[in-house]
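Colleague: I have a chain to discuss with you. Could you put the model up?
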Amino acid sequence: MDDLGKVVWGLRFAYWGTRLLEPIFNLLPSWLYSPRLYLVAVETTTECTRKCVYCPPHYSLDIPPLRMEWETYRRLVDSLAAKGYRGFLAFNLYGESLLDDRLEAWISHAASRVPAAALVVFTNGDRLTVDRFLSLRKAGMRTLILSQHSRELDGAVLETLKTLKRDHPDQYCVKLYDYYALYHSEGNKLGVLNNKGGLSEVRRKPLLRCHEVQYAAIDCHGNVLLCCNDCTSSYKFGNVAERDFYRIWNDPAFVAVRRRIMRGQWLFEICRKCMSDKGLCTAKPGGKAARLAPAFHDLEEVMASLGAPRREKAGE
C-alpha cells in the first residue's frame, strides 16, 4: 500500500489465502456452511460518468438513469437497525455514488440508525473533491474505495488525494483499487474482476468456491439479488420495499441456495458462466424492463427443481 492508499498486496494475500484454504473447506461437512452477511451493497443511483469494458450495464446495455426511492432505503435501514447490523454497508453496485446529491443525507441516516455498521462509498473519482470527501466523512463515511480505470490517475483526482493526505491526515480513509492494471496489464490474474455472467470480456482462473453470495446486493428498485454480479437483476429473491430485508435474506430457500453455491454447486446459468474461465459468452438481452432486461431466465425452473418454488413476486 503506497502513501495514497493503493491496495496491492492485500488483494494478492486474500486471493492466494483463499485458494490455499479451498481444499480444506471442501472437506468440511455441509452443515458448517451458514453464509454470514458481511456486506450489504445499495444501489442508490444507476448513473455513471464512465463506460468501462468490464461493466456491462454502462458499456453495452445502456442502463437508464434511475435512483432508489427514499422509502425503499428507509425500510432497508430500519431492518438492519432492528437486527443491530455490524457489517459493511456499501453505497455502490452499478452507478457512480458521487453523482447522487442525496448521498450525505442517506449516509447520515444510516450512521444514526446503524451506528455499528461500517459505511463505505465506492467511486471512480470523477466527481471527487476535497470538500465532497470531507462532507462524506462528516456524514459518517468510514472508508472511500477509489477505483482506478485508466493507466494513470486523473490529475485532479491525484491532487485531491495529495491535498487530503497532507492537510487532513486524520480524515484520510481512501483505498485505491487499480482495476485498469488488473484488466489491461495483469490480465486479471488475481481474479478480482468478474465476467458478470458472461456479459463482459473478462477472463480469469476462478476459485473453486463462490464467496459473492455472502454479500447482499440490492438494486435501485429494492430487489434483493442473488449476488452483485447479477447486473441485469435476473435473479430476484424479494424486494425490501415490500418485505423485511432479513425475512428475504433468511428465507430457507434463499439460504439453501447460497449454501450450495458456496460449496461450488453452480445451480444457475449465471453461476456456471461466472465461475468459468470464459470471457464474453452471453448474448446481449433483448426486450425492456424498468432497469435492464434480464439476461437469464432460469430462476423459477431451478427453484422448482429444488422443491422450493418462490412464494412472492419480487418488485420490478
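Colleague: What share of the contacts with a separation of 6 or more comes from residues 24 or more positions apart?
Modeller: Such residues account for 76% of those contacts in the chain, a contact being heavy atoms within 4.5 Å. This is a predicted model, where local features need pLDDT of at least 70, side-chain atom pairs count only at pLDDT 80 or more, and totals for chains, interfaces and linings use all residues. Residues are numbered from 1 along each chain as its sequence is written, and side-chain values use heavy atoms, leaving out hydrogens and water.
Colleague: How many helices and strands are there?
Modeller: The chain has eleven helices and eight strands, taken as DSSP runs (helices H or I, at least four residues; strands E, at least two) and numbered from the N terminus.
Colleague: Which residues of α4 are buried?
Modeller: In α4, residues 103-113, they are Leu-103, Glu-104, Trp-106, Ile-107, His-109 and Ala-110; buried means under 20% relative accessible area with a 1.4 Å probe, protein chains only.
Colleague: What do they pack against?
Modeller: The buried residues of α4 pack against α3 (70-82), β2 (88-91), β3 (118-123) and α5.
Colleague: On to α5 and α6: at what angle do their axes cross?
Modeller: The axes of α5 (130-139) and α6 (155-167) cross at roughly 55° and come within 9 Å.

Methods:
Axes fitted to C-alpha atoms, helices over the stretch in contact; angles between N-to-C directions. Buried < 20%, exposed > 50% of the residue type's maximum accessible area, 1.4 Å probe, protein only.
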